[in-house]
Amino acid sequence: MMALWQSFVELVYELIPWLDGGVATVLIILIKGVALILPLIIMMAYMTYAERKVIGYMQLRIGPNRVGPIGLLQPFADVFKMLFKEIIFPSKANIYLFLLAPILAFVPAVAIWAVIPLGEGFYITNLDISLLYVLAIGSVGVYGIIIAGWASNSKYPLLGALRSTALLVSYEIVIGFVAVTVVMVASSVNLNEIVAGQKGGAWNWYFIPLFPMMIVFWISALTETNRAPFDVVEGESEIVGGTHVEYSGMCFALFFMAEYINMIMMAALAVLMFFGGWHSPFEGIPYLDDLFAFVPDIMWLLAKMSFFLFLYLWIRATFPRFRYDQIMRLCWKVFLPLTILWIFVVAILTQLGVGPWF
Amino acid sequence: MFEIEIDGKIVNANPGENLITVTDREGISVPRFCYHNKLSVSANCRMCLVDVEGATKPQPACSTPVSNGMRVSTKNDKAKSSQKAVMEFLLINHPLDCPICDQGGECELQDVAMSYSSDVSRFNEGKRVIADSDIGPLIQTDMTRCIHCTRCVRFGAEIAGIMEMGGTGRGDSLKIEPFLQEGIQSELSGNMIDLCPVGALTSKPFRYELRSWQMNAVEGIARHDSVGSNIHIQTYKGKVKRVVARNNDNINETWISDRDRFSCDGLNHENRLQKPQIKYDGVWKETEWDTALVYSTKALLREVIDNKEESKLGALASNNATLEEYYLLRKLLKQVGSDNTDYRLNIKDLSNTINLDSNIKIKDIENIDYALLVGSYTRLEQPMINHRLRKSSLNGATIDVINSMSFNYNLPINSEYILNSSQIANLLARTLKAILLSKEQEIPGYLDKFKVSDADTQLANKLLSSDKSAIILGEHLINSDNSSNIANLISIIAEKTSSSTLNLSETGNSIAAKSTGFVPNENGLDANEMLASKMNAYILLDVYPKYDFHNSVSAINALRDEKTFVIALNSFKDSDVFDYADVILPISSYYETSGTHTNVEGEMQSFSAAVGSPKDIKPAWKVLKVLADLLDLSGFNYTDSSKVTSEAKQQIKQNIEHDREINLINTKGVEIIWQPSPYSTDALLRHSNSLQATKIGQLNTASMSASTAKSLKLSDTDNYLGVPVVISEVVADKCVFISSSNETISEKIS
Amino acid sequence: MLNKFKKIIKDFTLNELLFGMSVTAKELVNTKITVQFPEERTPISPRFRGIHALRRYPNGEERCIACKLCEAVCPANAITIESEMREDGSRRTSQYDIDLFKCIFCGFCEEACPVDAIVETQIFDYAFESRDGSVLTKKRLLEIGEQNKKAIDQTKLEDSKYR
């Protein structure tokens, strides 16, 4: 994979020799960006399709099936619908902030992907503190929501923004502590190195020693991405569409895309931190290893991510929305003590050097 | 007074009462069809059968007199089963066509059948069918539905005075039908529609229009005569659809005249004025109210108010405006500095008018024992007064008539004097002399020349001998040379014989006009003087010169003068209005405006608007108020018409003093009495198609005796003043009595 | 104490959550009951109350006699009728409007009609593209009756046994 990429970059340099190095670099960066964002958006679009289909099936329906074969073109229909819809500005809204909010939600969601490695050496940037970067940029997304709530000049968005801000800030602490346990095990904050630490078969993956942390991380991920059953930012029964009430057309679509890209990012993060990243589960097993040798490493990553993305939909189809105070209680009274406790456990285990992980 | 027991309840009853009167008073419901409390008892529907203890058979409550200690059950098995049996028999021949019957929803048979009939009919034989007969433009018949209650027959015989409907045949072939081919001609015929308990007689103009439950009923006052009958105005979606009677025992009992009932047809006539119009350089243009009012204001300022040398403004009103409108127009003119207001448009000589105060209540007329009817055909002109007179006659009163023509009264007339107006004056003078002689009182000088005959003494004695006598003066004599003399003689005779007087020459709402001071005072010009002297401007309130003025041709000519600015407040289009007016302001007609009607006994009855005025049509009182505001006049801050009413009522003049000078004149030449047909006395009536289609609406005769015709060189094929001549021996000599409908009035000259 | 311990174990193993997820997982592979609407239709009772229609007699004469009972019984005041005398003297409607925005499809009009003129058909998939399309005029109602004559007669026949 990486070799392919390198030859492509060389090709670019060859094709445009009249460019000086600086411009070519910028061009390369732009191409890299497009190469990252395009598949991401298509993934996101089909994620919505998958969501409707899966939830439909779980509810004994068959979901979208009118646009294209088995409804496969539905996401494009949705995109065009969104594009052509009018953006309505509430009469007393602050228009600049109103427009800034969806951008602030969308940009960090995409920016995180700069440091997510997708395969062996297949990344846009190999940042040494990439996990910290992920946590930091992830927090910026909150601004999108709170600014949207405030700029709408409407009571439901404001309430929704307040609820979701409090929630996100709280669960970031939990995610931070979970990350600390992973970092303790991997002795690195570089995602590449965290994955490298899990090399060699499924038993090397960190979800085994950090199993409770994996659960805590996943539940927190649901909260961070405002997904059911923790989607109190919306809550139709109480605050209608929450932050999104006043948004329509592409403005709304940006929030929507940010949410789905964040979902994909969280799935990727879970795979990278706990499930060995792009490593095959059969590494080191004599017969199976050879059998699956032809599978590119990125496919393993995507397959594992797919399971987590499916989990999102499965959970959404199963559980009703939590009450706000219940979510807060879960965060502060259950997860936080649990993660702190597990830091000590991991510390002890690290000192003892148990198993293949430490 | 004794006690009887009905359904276990001890109630008081008066001897001679029928059971149903007691049950009605006590609120015990007994079903009935033929019984009506204003009609005689016939007991032929048998629906009111009740069980009287001691009687073997159930007894009809409507014809069973109460007796002391009577025990009656209206609801026990015996009563119920007989009522149900009667109901079943009534329904045998009644078609089940309720869905297409106009009575549906207000049908007594339907209502009673709901509680007294079974679901399924046991009658499998063929039903009786009766062919309908056309009985005129007002009543639709469907005699198959008739249940032979004979209310309509009894109404004709007892109330209307002509038995137009009657039963022919017996048993199964009994039919209720009009006796005459011409159909129903009574002026009260519409009441049969109200009386009919089923859908056999329904309103023809209202046919298939609406269900009773769709309409709102608003209480109102009929303003076509000086009785002010109480009515319910039924409206639907902002339009008047039907008028029915409202009970008021002091005024109209439960009856109303056809004129009051069917006039509402005219409200939605295509001839209604819809928008204000202004004449610019001889061309009429529709405009908005603002423009029209500002234009009128400017013209009034230019022609009258700022024109100090020649400021002559006149206001003329018809006699069917409301009290408020008269008051506001009078107030407006007064503030502008003009006293020229008048409503007496149909009087030739305004210095010689009838001034007679009425001092009898309408409900007391039925109790008099002698009435002298002077110059009036009450039956058509004031039907409800006539109904009371008829009642008094049935109670034994003697009615004498003095008039220039004999009419078809529906009550027995004792003696009838067919005289022309000078002869009438002389007769009254001789009678007065006879009265004074018999009372041995001083004879004034003007009576010296009269010799009292036996006939005069007889008339005088009738007046003197009766306890409760009344002299009723009608509108036929308003334009005679002796009209004020006749009025004064009548008031003196009434005073000497302590009779009551009733002045029916004031029709419509003219009593209100008079009481608000709409007649000119010493400084003002009266209607005739206004027309004679060139006025700078006129405000005409609901005036239709062709019909309203005694001399329509000269009146229109006077109004047409180029230097005269005419503001016409009209509700209907009139061919002439475009000729003489400069601004036409469309005003609300009857039932669309609130106001007050003063009837002949002085009862002021206020009414509210039953419907809103159509889009660009405004109530006249509002138009006058805004006009006054635009003229910067003070004291016009009315928010609704009741404010005007209360202000006007404070300034009402009761019993205006007038002198009783008598100066008898002998009329020379032929006297013309122009009496409009009763269905063309105001614009609304003239536009009611159903009323115009009736025989009364089409009255169009110039009646005269053979000798008069000879002197005028006319035969009965000729027209006189545009009206066909009828030679009749019941008209006084040297008299032409013209009764004309609206179609032909073109050369009206009195 | 034991129960409490059991509960803690249950809570921390996410027992109930997993059970819930197993239910949805099972349904994921169950047979679907969706009816593909325009192509497939579920059976409709003869008493189904869909869009209205005015019927005619076999000789082509319209049944409605403008008795206004349906207008009176309509709980939503959706029916507006204006009646008039037709040239032949019979009582007919000059206007018969049903406002579908007001109509609650209770079927009272059908029950009230003495001549079975107004009926509710089995048609429920109708649409209109302008606001005034929501008012079914007399013309439109007669058209619907004309177009679905057979179906209406059939359903009335089927239902007649139970009336």
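A polar contact, as I use it here, is a pair of N or O atoms within 3.5 Å; within protein, one atom must be able to donate a hydrogen and the other to accept it, and residues adjacent in sequence count only if both atoms are side-chain atoms.

**Entry 1: ground rules**

I am working on a predicted model, where local features need pLDDT of at least 70 and side-chain atom pairs count only at pLDDT 80 or more, while totals for chains, interfaces and linings use all residues. Residues are numbered from 1 along each chain as its sequence is written, chains are lettered from A and ligands numbered from 1 in the order in which they are written, and side-chain values use heavy atoms, with hydrogens and water left out.

**Entry 2: chain C against chain B**

I began with the polar contacts between chain C and chain B and found 8 residue pairs, both residues at pLDDT 80 or more. On the chain C side, the elements giving two or more residues are α3 (69-73) and β2 (79-85); here helices (H or I, at least four residues) and strands (E, at least two) are DSSP runs, numbered from the N terminus. With 6 residues, β2(C) gives the most to that side.

Next I looked up the extent of this interface. Contact, meaning heavy atoms within 4.5 Å, takes in 17 residues from chain C and 13 residues from chain B. The two chains bury about 1,100 Å² between them, 54% of it on carbon and sulfur atoms. Buried area is the accessible area (1.4 Å probe) that two parts lose on being put together, summed over both. C:Lys68, C:Met85 and C:Arg91 supply 45% of the area that chain C buries against chain B, more than any other three residues.

I also checked for salt bridges (a side-chain nitrogen of Lys or Arg within 4 Å of a carboxyl oxygen of Asp or Glu). There are 2 between chain C and chain B. In one of the pairs I looked up, C:Arg91 meets B:Asp102, with the closest N and O atoms 3.0 Å apart.

**Entry 3: chain A against chain C**

For this interface I noted 17 residues from chain A and 18 residues from chain C in contact. Chain A and chain C bury about 1,500 Å² between them, and 73% of that is on carbon and sulfur atoms. The rule finds 1 salt bridge across this interface: A:Arg66 pairs with C:Glu39, the closest N and O atoms being 3.2 Å apart. I counted 9 residue pairs in polar contact, both at pLDDT 80 or more. On the chain A side, α2 (21-58) and α12 (297-318) are the elements that give two or more residues, and the largest share, 6 residues, comes from α12(A).

**Entry 4: nonpolar cores**

A nonpolar core here is a set of buried Ala, Val, Leu, Ile, Met, Phe, Trp, Tyr and Cys residues joined through side-chain atoms within 4.5 Å. Buried means under 20% relative accessible area, exposed over 50%, and partly exposed in between (1.4 Å probe, protein chains only). The largest core has 95 residues, and A:Trp113, A:Ile116, A:Leu269 and A:Phe274 touch the most other members. Its largest share, 19 residues, comes from helix α10 (residues 249-274) of chain A. Apart from it lies another core of 74 residues, including B:Met47, B:Phe262, B:Ile360 and B:Leu373.

I then followed A:Leu269: not counting residues up to four places away in sequence, it touches A:Ile116, A:Leu131, A:Val134, A:Leu191 and A:Phe217.

**Entry 5: strand β24 of chain B**

Strand β24 (residues 583-586) points B:Val583 and B:Leu585 one way and B:Ile584 and B:Pro586 the other, and all are buried. In a regular strand the side chains alternate between the two faces of the sheet.

I looked for its partners, where two strands pair if DSSP finds at least two bridges between them. Strand β13 (residues 277-280) of chain B pairs with β24(B) in the antiparallel sense over 2 bridges, and B:Gln277 has B:Ile584 as its bridge partner. Strand β23 (residues 565-570) runs parallel to β24(B), joined by 4 bridges, with B:Leu569 opposite B:Leu585.

**Entry 6: two single residues**

B:Asn320 sits in the loop between β15 (313-317) and α8 (323-336) of chain B. I list B:Asn320 as buried because its relative accessibility is 7%. Its side chain makes a polar contact with the side chain of B:Asn319 (3.2 Å).

A:Ala151 is in helix α5 (residues 130-151) of chain A, and at 1% relative accessibility A:Ala151 also counts as buried. Leaving aside neighbours within four places in sequence, A:Ala151 is in contact with A:Ala93, A:Asn94, A:Leu97 and A:Phe98.
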